[in-house]
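This report describes one structure, shown below, with attention to its strands and its charged side chains.

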Amino acid sequence: QAPLVESGGGLVQAGESLRLSCQASGNILHIDTVAWYRQAPGIQRELVAKITRDGRISYEECAKGRFTISIDYSKNAVFLHMNSLRPQDTARYYCAADLRGLGLYERWGQGTQVTVTS
């Protein structure tokens, strides 16, 4: 039981930055891994980045060098800092919780829209 709520999306111009937040309702240490995914219309949902409760981080190619995932244990939240945004980053961004580290990602947020104009 770990509901997630995303926020921080918006409309920005290319080159600008956004910080997305993924707020857990309870202790985020009860979640093994939190991942950020994104999905644009007509395009398959793709993984962006993930972070484990002990701080291990991985990025997909689309995020490397531009995005930073972090966790704030005191706030029970995971963040995705997105720099140098490009129109190709336009998508709805979701956070998902893999509760036990089994790859199931049982809990998903409602998503937050990111739109990047050129």
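## A buried arginine and its partners

Arg38 is buried, with a relative accessible area of 6%, in a model that is predicted. The side chain of Arg38 forms a salt bridge with Glu46, and the closest N and O atoms of this pair lie 2.6 Å apart. Glu46 is partly exposed, at a relative accessible area of 31%.

Side chains of opposite charge can pair when their charged atoms come close.

## Other salt bridges

The structure holds 6 salt bridges. One of them joins Asp32 to Arg53, with 3.6 Å between the closest N and O atoms. This pair links distant parts of the chain, 21 residues apart: Asp32 lies in the loop between β3 and β4 (33-39), and Arg53 in the loop between β5 (46-52) and β6 (57-59). Arg53 is partly exposed, with a relative accessible area of 33%.

Lys64 forms a salt bridge with Glu61, and here the closest N and O atoms are 3.6 Å apart. Glu61 is exposed because its relative accessible area is 61%, a value over 50%. Lys64 counts as partly exposed, at 48% relative accessibility.

## The open sheet

Four strands form an open sheet in the order β1-β3-β8-β7, with antiparallel pairing. The edge strands, β1 (4-7) and β7 (67-72), each pair on one side only. From one strand to the next, the twist averages 15°.

Within this sheet, β3 (residues 18-24) and β8 (residues 77-82) run antiparallel and are joined by 6 bridges. Leu20 stands opposite Leu80 in β8.

Key. Residues numbered from 1 in each chain as written. Predicted model: local features only at pLDDT ≥ 70, side-chain atom pairs only at ≥ 80, totals over all residues. Heavy atoms only, no water. Pairing = 2+ DSSP bridges. Helix = DSSP H or I, 4+ residues; strand = E, 2+ residues; numbered from the N terminus. Axes fitted to C-alpha atoms, helices over the stretch in contact; angles between N-to-C directions. Salt bridge = Lys/Arg side-chain N within 4 Å of Asp/Glu carboxyl O. Buried < 20%, exposed > 50% of the residue type's maximum accessible area, 1.4 Å probe, protein only.
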